[in-house]
Amino acid sequence: MSTQGSQEMLVIDTALLEELRDVMDDEFVELVDAFESDTRHRFGLLEQAIAAEDSESLRTTAHSMKGGAMGMGAVGLSRRFRGLELRGRESSFRDIDVELENAKRSFDETLGQLRDWMLRH
């Protein structure tokens with residue numbers, strides 16, 4: 001994966017993060033922790049849906065993950081989940097493991113960016 005491609009997928013809406021931090025105050029850290037925990041749990045659900053070739057579960061789980069990422073300002077990560085959501089809508093499982101691994105990598109990188117942002121602000 002190229003650096004440029006990686007950078008494009010790691011877009012974070014810092015204005016939204018600042019707004020969330022201002023509204024949530026001390027609970028902002030808990031929000032990020034909940035986002036991490038929920039997303040990791042849902043990755044397990046995605047894996048189950050893919051293993052069973054359950055397109056509806058893939059679609060709905062990816063849709064929920066897309067919304068959670070957008071709610072945290074993780075625009076690039078949301079795009080990854082949108083891709084998985086579309087795969088579920090199209091019942092397209094060919095080589096989906098690559099797309100899932102890309103989403104996991106983007107999540108880890110995005111989470112790192114969120115944590116770094118929190119340390120700086």
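Which residues in α3 meet which residues in α6? On the α3 side they are F28, V29, V32, D33, F35, E36, T39, R40, F43, L46, E47 and I50. On the α6 side they are I96, L100, A103, K104, F107, D108, L111, L114, R115, W117 and M118. By class, this contact has 15 nonpolar, 1 polar and 7 charged residues. The model is predicted.

**Helix pairs**

Two packed helices are described by the angle between their axes and the distance between the axes. Helix α3 covers residues 28-51, and helix α6 covers residues 96-120. Helix α4 covers residues 55-71.

| Pair | Angle between axes | Axis distance |
|---|---|---|
| α3 and α4 | about 160° | 9 Å |
| α3 and α6 | roughly 175° | within 12 Å |

Angles over 145 degrees count as roughly antiparallel. On that cut-off, α3 and α4 are therefore roughly antiparallel to each other. α3 and α6 are therefore also roughly antiparallel to each other.

α3 passes α4 in a left-handed crossing. In this pair, α3 contributes F35, T39, R42, F43, L45, L46, A49 and I50. They meet S57, L58, T61, A62, S64, M65, G68 and A69 of α4. The contact of α3 with α4 has 10 nonpolar, 5 polar and 1 charged residues.

**Core**

The largest nonpolar core has 28 residues. F43, L46, F81 and L84 have the most contacts inside it. The elements giving two or more residues to this core are α2 (14-24), α3, α4, α5 (75-89) and α6. Of these, α6 gives the most, with 8 residues.

L84 reaches several partners. Not counting residues up to four places away in sequence, L84 touches L46, L58, A62, I96, E99, L100 and A103.

**Two single residues**

T39 sits in helix α3. Is T39 buried or exposed? T39 counts as buried because its relative accessibility is 4%, and the cut-off for buried is under 20%. Leaving aside neighbours within four places in sequence, T39 is in contact with M65, F81 and F107.

D97 lies in helix α6. Its relative accessibility is 48%, so D97 counts as partly exposed. How far apart are D97 and E47, in sequence and in space? They are 50 residues apart in sequence and 8.8 Å apart in space, C-alpha to C-alpha.

Key
Residues numbered from 1 in each chain as written. Predicted model: local features only at pLDDT ≥ 70, side-chain atom pairs only at ≥ 80, totals over all residues. Heavy atoms only, no water. Helix = DSSP H or I, 4+ residues; strand = E, 2+ residues; numbered from the N terminus. Buried < 20%, exposed > 50% of the residue type's maximum accessible area, 1.4 Å probe, protein only. Contact = heavy atoms within 4.5 Å. Axes fitted to C-alpha atoms, helices over the stretch in contact; angles between N-to-C directions. Parallel < 35°, antiparallel > 145°, perpendicular 65-115°, else oblique. Left-handed = near helix turned anticlockwise from the far one by under 90°. Nonpolar A, V, L, I, M, F, W, Y, C, P; charged D, E, K, R; others polar. Core = buried A, V, L, I, M, F, W, Y, C linked by side-chain atoms within 4.5 Å.
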